[in-house]
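Subject: Structure for your review

Dear colleague,

Please find the structure below, handed over for your use. My notes on it follow.

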Amino acid sequence: MAAPGRHVGHYIQRNGRFLLCNIEQVLGHRSFGWTPAVRQQAAEVNQELPESIVIPKKKTWSKEAVLEALSSTVGRDPTACPYMFQDDPFLTPRTSTEFRMFALSQESGRDAAKFFINSNPKFFTKDFAEPHIPCLMPKTVSLVLEEVSEEALKERINLRKVSAAVDMYDQLLQAGTAVSMETTHGLLDLICFYCDKDPAEEEEPQREDTDSDEPKPKGRIHRASDFIKLTWKENNNAERIFNLLPERDTRCYSALIRGMVKYRAPAKAYSMYTDMLNNRVTGDVHIFNTLISSVVHLRVNYEARWELVTELLYQMNQQKIRPNILTFNSVLQTLRRCGPIGKSLSLQTVSEMKALGIAPSLATYEHILCLFHKPVAQKQYGADILQEIVSELEGTSLTCQDPNDVLFFATAMRVCVDTKELELGYKVHSLTEFGENYKLQGVPYQRSTYYGRFFNLLCMMEHVDAVLKWYRRLIPSLFYPNVQGMMDLLQCLDTDNRLDLLPDIWKDIKTVGHENKSEVVEEVLQLMAREKHSPEVQESFATCALDVKNEFEVKRLLQWSNLSLSNVTIVLLRANKTQMAWEMLELFKSYNRVPSKEVLDAFLTVCHSDGTPQKAVELVQAAAALCLLQTPTLATRTLAEFDLTEEQRAILTELEAAGEPSD
Amino acid sequence: MYRFLSRTVCAARNSSVIVYESCVLPAKCEKAAAPVFRVVNGGGVNTLSTSSVRFCEKKDDVVPSNQDEKTTAVKEDPPTETDQAKMAKQTEEPVVLMAEDGSTTQQQTDVKTEPVVEKPTEAAIDAAKSGKQHLLDLLVAMKVEVTSKKKFKGTTIKQNYESIKHPESKSEAMESTISMFQKATEAASPPSETLEPDLVAAASAAAATLPDSNRAQSVLLRQLRERKAITEAQKKGDMSKLGEIIADMKVGRQYSRQKPSASSQITFDDDERGYTRDRGITGELVGVRRRRNFFLAKRLNIFSPTTEDDAVQSTAAQPTLWDMEFANNLSQVTNQAPRNGFEEMIQWTKEGKMWQYPVDNEAGLEEEASVSFHEHIFLEKHLEEGFPHQGPVRHFMELVVAGLSRNPYLTVQQKKGHISWFRDYFQQKEEVLKEANADLN
């Protein structure tokens with residue numbers, strides 16, 4: 001079989017060459033552009049049997065393709081600060097607060113510039129760019145058309161001037177001009193979306209650009225606070241215009257119902273919906289989506305909620321409306337607040353989705369995880385579900401279909417942390433690293449929550465070397481650890497007995513701005529002072545301890561505590577920095593702190609090994625001056641262990657005796 | 001509980017091994033031990049391949065595999081697939097063993113135990129009448145009751161077997177597993193702590209001098225046994241102790257790993273479906289199968305299957321303000337700051353601020369692309385009408401056209417406009433030209 005095939009191949013190849021030569025002669029030099037392709041084709045034919053020649057289609061590259069390819073070779077640089085701050089090394093953020101502040105100020109600067117350009121278009125008429133760049137030119141934000149006409153109304157709707165548009169509509173009605181249905185839809189949408197209020201002026205530039213220009217630091221926060229005060233008012237302009245309409249179609253109802261749900265009038269929305277049914281108008285998918293999401297506010301009882309949801313779904317089916325992903329996500333969101341019945345029903349909902357050919361989005365999975373994962377009982381359940389979700393999603397490029405999609409990764413990591421599933425955690429993380437999936441980690445707050453949990457999991461379960469590897473990769477280029485994260489890391493070092501790394505970690509602590517958090521500092525000191533180490537390590541500890549002392553003394557960010565003073569002293573003593581340790585003893589006095597017995601014992605031991613009895617006596621005297629209870633024992637020990645002069649002996653015996661009556 | 005059980009099982013097995021090593025006959029002893037092994041095998045030994053240290057286990061393992069053969073021989077009535085599965089399991093274990101010690105000792109032990117296998121099978125076949133049912137009962141009950149041997153009791157050696165029941169023999173048995181095969185010959189003597197008779201006699205004589213003679217004797221004897229156990233342990237040196245510790249550790253590990261599935265294991269054997277629960281592979285698969293159920297729940301059955309035209313209808317509409325805002329919201333939520341310079345350039349490209357790649361020097365000239373070059377260059381045809389065919393005006397216009405054809409900055413439309421401006425101009429000035437006789441028609 002193979003041999004004849006090869007013969008045929010040879011034959012074709014030879015003929016192909018012959019043919020090519022001929023063609024080349026005919027076409028001359030112009031053919032050079034495509035001959036390699038033809039040759040390749042011939043070679044391919046040689047390998048396979050000559051059934052059909054597939055001419056490859058011309059590939060049209062998108063304009064970003066080259067850049068995307070280049071970008072994939074670079075990726076993220078874990079050793080550098082976030083790219084957005086690279087232009088300004090002075091403003092490289094070191095803490096999450098700084099990050100937020102700098103990112104916001106960068107963004108607000110951009111917005112301010114845009115606002116200035118848009119509001120003063122007359123200064124920005126010159127167009128240098130060739131070809132023309134529309135987004136750099138000022139946009140028209142003020143009204144041009146003054147006369148009363150439908151065109152003017154459309155202009156007002158496009159510029160989102162709510163009150164001006166309503167005025168124009170009223171004037172048109174008074175003049176007796178009929179407004180087309182499409183314009184009316186637009187007007188109702190506009191009024192309902194902004195709840196009959198003009199969108200705030202400074203929001204304008206943000207709203208206008210539909211492109212993905214602005215990095216997200218704004219987003220939700222602005223929006224939430226913006227609309228929090230607005231509620232749907234009885235008989236506002238939307239309702240008034242709606243009632244004036246001669247005929248109402250689905251989109252009019254849709255606009256009103258969505259507006260009512262958005263501005264927290266769910267009962268009204270529901271009655272509007274029944275009104276719509278009575279008028280024999282069919283709904284659309286948006287109406288049902290919003291109504292399902294408002295079920296929680298309409299019914300108190302768990303069972304009743306689910307009944308209403310199923311009723312709505314049945315009506316959808318009756319009206320032949322195809323549900324979309326948002327429909328099911330809002331069903332699941334409702335199920336999250338349906339108590340115990342939610343679990344089994346949620347799985348059925350997902351099966352229904354799959355039966356309808358709707359692929360679940362991350363938000364779907366997030367709802368299910370939240371339904372099944374209980375932090376206290378039945379932890380394994382959540383982990384099993386997550387296991388399955390991850391195995392389903394592995395190696396897929398995710399797209400955002402629902403604003404709640406971005407909550408998934410943080411939730412998934414929480415499940416991993418609660419169940420201590422390290423392997424699963426790694427899998428979730430590799431999912432975020434696949435392709436462009438990192439974009440679904442959401443706003444910086446959610447992202448840092450995610451990474452914080454991931455790091456917490458690592459510290460809990462992973463070996464210290466691996467933890468440190470991740471530590472270098474994640475911090476500070478991806479997130480800034482909080483105090484708890486640092487404590488976790490310290491604990492991890494402690495468990496795996498790598499306390500020699502403490503000085504390095506202390507430097508990092510200073511970098512991320514936790515040097516003024518007392519619990520972190522105390523923990524570092526405690527770990528350094530707890531055990532004896534090799535001389536080199538002790539030396540580095542002592543340097544570190546002096547640095548910590550500097551934080552206390554020079555920058556005065558913290559208050560010395562008994563423990564921290566003792567720990568610093570002990571570390572210094574172990575590194576044979578006796579002189580500095582004596583200075584520390586002075587600090588005890590000046591801050592009215594009491595050195596512990598261990599400190600004094602350590603001092604005596606050092607004095608003994610140095611052979612400086614005078615120091616020992618001074619120490620006992622200092623202890624007496626601080627009115628310590630241990631003074632007599634110290635004195636006894638000194639008397640026993642040291643070579644003392646008569647004079648010193650006398651002092652010590654006196655101190656030893658003086659201590660006793662006071663006991 | 002389970003841990004204790006498996007430990008006793010271990011002990012029982014080990015001692016029984018010694019027993020049959022020494023005197024090969026006790027077939028019924030094997031019979032009794034076989035179910036026990038099944039339990040240990042099914043649950044515990046499978047995990048052995050994962051347990052890191054197997055100092056003493058590797059010697060034991062040979063025995064279980066052999067024992068298993070026997071049990072399969074006993075169960076001749078179950079469907080053949082059961083047997084096959086079991087065989088597969090058995091073959092797997094020796095392989096693991098081989099990999100781990102790969103030395104000659106393995107060979108030796110194999111050889112040694114080989115003849116032993118024969119006997120129990122013979123004995124087993126006639127015991128097979130109630131054998132299987134009984135085995136299952138045993139498995140389900142998880143009772144390591146050695147009393148079952150009475151069923152098959154045919155011959156002697158009862159005494160030897162008794163020693164297994166003897167609680168004190170357990171620890172001894174554990175220790176002896178380590179050097180079991182080395183001292184296969186010397187193990188022929190009863191391995192228990194039965195002390196030398198003269199020693200016992202001396203002890204009882206000494207006890208007789210004391211008031212409560214019975215109690216004193218037992219105390220003395222116990223003391224002696226303890227001493228003997230200790231000396232033996234020390235004689236074997238640290239390694240044996242290590243072995244002991246490891247054996248203990250291993251038992252613990254088994255416990256933790258098999259706990260979740262211990263019960264299902266037995267049921268699998270019980271319902272004769274022929275599963276062998278190998279924790280390594282099948283165990284995982286079963287776990288996966290169980291988990292799969294989460295998303296295979298029944299559906300709500302609310303929606304009827306969709307038809308194509310529904311989808312077409314929904315896409316027809318123009319995007320509304322709500323849609324735009326929803327898209328905007330999505331893009332804001334997923335919008336991450338660029339991670340490197342190229343990503344920033346991608347962003348700029350999308351905004352139209354950047355020259356597009358691949359570089360094209362006609363970018364931004366899209367409307368000109370449809371205009372061919374000859375329309376730019378050959379402009380004489382526009383002079384055909386409205387201009388004189390000769391004379392100074394014609395001459396002038398030819399110069400204008402030549403200039404225009406060399407001008408790259410104007411569009412064809414602009415060039416045409418330029419020409420038509422002159423046409424209008426000269427038509428307006430027709431009178432003047434005629435007067436000046438410039439029109440040389």
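Which residue of chain A forms a salt bridge with B:Glu325? The partner is A:Arg160, and the closest N and O atoms of the two residues are 2.8 Å apart. Please bear in mind that this is a predicted model.

The interface

The rule finds one salt bridge across the interface of chain A and chain B. The count of residue pairs in polar contact between the two chains, both residues at pLDDT 80 or more, is 14. On the side of chain A that touches chain B, helix α17 (residues 342–355) of chain A supplies the largest share, with nine residues. In total, 88 residues from chain A and 55 residues from chain B take part in the contact. Chain A and chain B bury about 6,700 Å² between them, and carbon and sulfur atoms carry 62% of that area. Within chain A, the residues that lose the most area to chain B are A:Leu67, A:Tyr83 and A:Glu388, which together make up 11% of what that side buries.

The two chains

Chain A has 33 helices and zero strands, and chain B has 21 helices and zero strands. Of the 663 residues in chain A, 47% are buried; of the 441 residues in chain B, 42% are buried. Chain A exposes about 33,400 Å², with 55% supplied by carbon and sulfur atoms. For chain B the accessible surface comes to about 24,500 Å², and 57% of it belongs to carbon and sulfur atoms. Among contacts in chain A with a separation of 6 or more, 66% are between residues 24 or more positions apart. In chain B, 73% of the contacts between residues at least 6 apart in sequence join residues at least 24 apart.

Nonpolar cores

The largest nonpolar core has 177 residues, and A:Leu386 and A:Phe408 have the most contacts inside it. Helix α20 (residues 408–419) of chain A gives the largest share of this core, eight residues. Leaving aside residues up to four places away in sequence, A:Phe408 touches A:Leu362, A:Tyr365, A:Glu366, A:Leu369, A:Leu386, A:Ile389 and A:Leu393. A second, separate core of 11 residues includes B:Val401, B:Ile419, B:Phe422 and B:Phe426.

Salt bridges

Side chains of opposite charge can pair when their charged atoms come close. Over all chains, a search of the whole structure finds 25 salt bridges. One of them joins A:Arg110 and A:Glu107, at 3.5 Å from N to O. Both residues lie in helix α4 (residues 96–119) of chain A, three residues apart, which is about one turn of the helix. A:Arg110 is partly exposed, with a relative accessible area of 36%, whereas A:Glu107 counts as buried because its relative accessibility is 1%, and buried means under 20%.

A:Arg530 forms a salt bridge with A:Asp494, with the closest N and O atoms 2.6 Å apart. This pair links distant parts of the chain, 36 residues apart: A:Arg530 lies in helix α26 (residues 518–530) of chain A and A:Asp494 in helix α24 (residues 483–495) of chain A. A:Arg530 is partly exposed at 38% relative accessible area, and A:Asp494 counts as partly exposed at 23%.

A:Glu436 and A:Lys439 meet through their side chains in a salt bridge of 3.3 Å, N to O. A further group, A:Lys597, A:Asp601, A:Arg637 and A:Glu641, is linked in a network of salt bridges.

With kind regards

Definitions and conventions: Residues numbered from 1 in each chain as written. Chains lettered and ligands numbered in written order. Predicted model: local features only at pLDDT ≥ 70, side-chain atom pairs only at ≥ 80, totals over all residues. Heavy atoms only, no water. Helix = DSSP H or I, 4+ residues; strand = E, 2+ residues; numbered from the N terminus. Buried < 20%, exposed > 50% of the residue type's maximum accessible area, 1.4 Å probe, protein only. Contact = heavy atoms within 4.5 Å. Areas by Shrake-Rupley, 256 points an atom, 1.4 Å probe, with all protein chains shown as cover. Core = buried A, V, L, I, M, F, W, Y, C linked by side-chain atoms within 4.5 Å. Buried area = accessible area lost by both parts, 1.4 Å probe. Salt bridge = Lys/Arg side-chain N within 4 Å of Asp/Glu carboxyl O. Polar contact = N/O pair within 3.5 Å; in protein donor to acceptor, adjacent residues only side chain to side chain.
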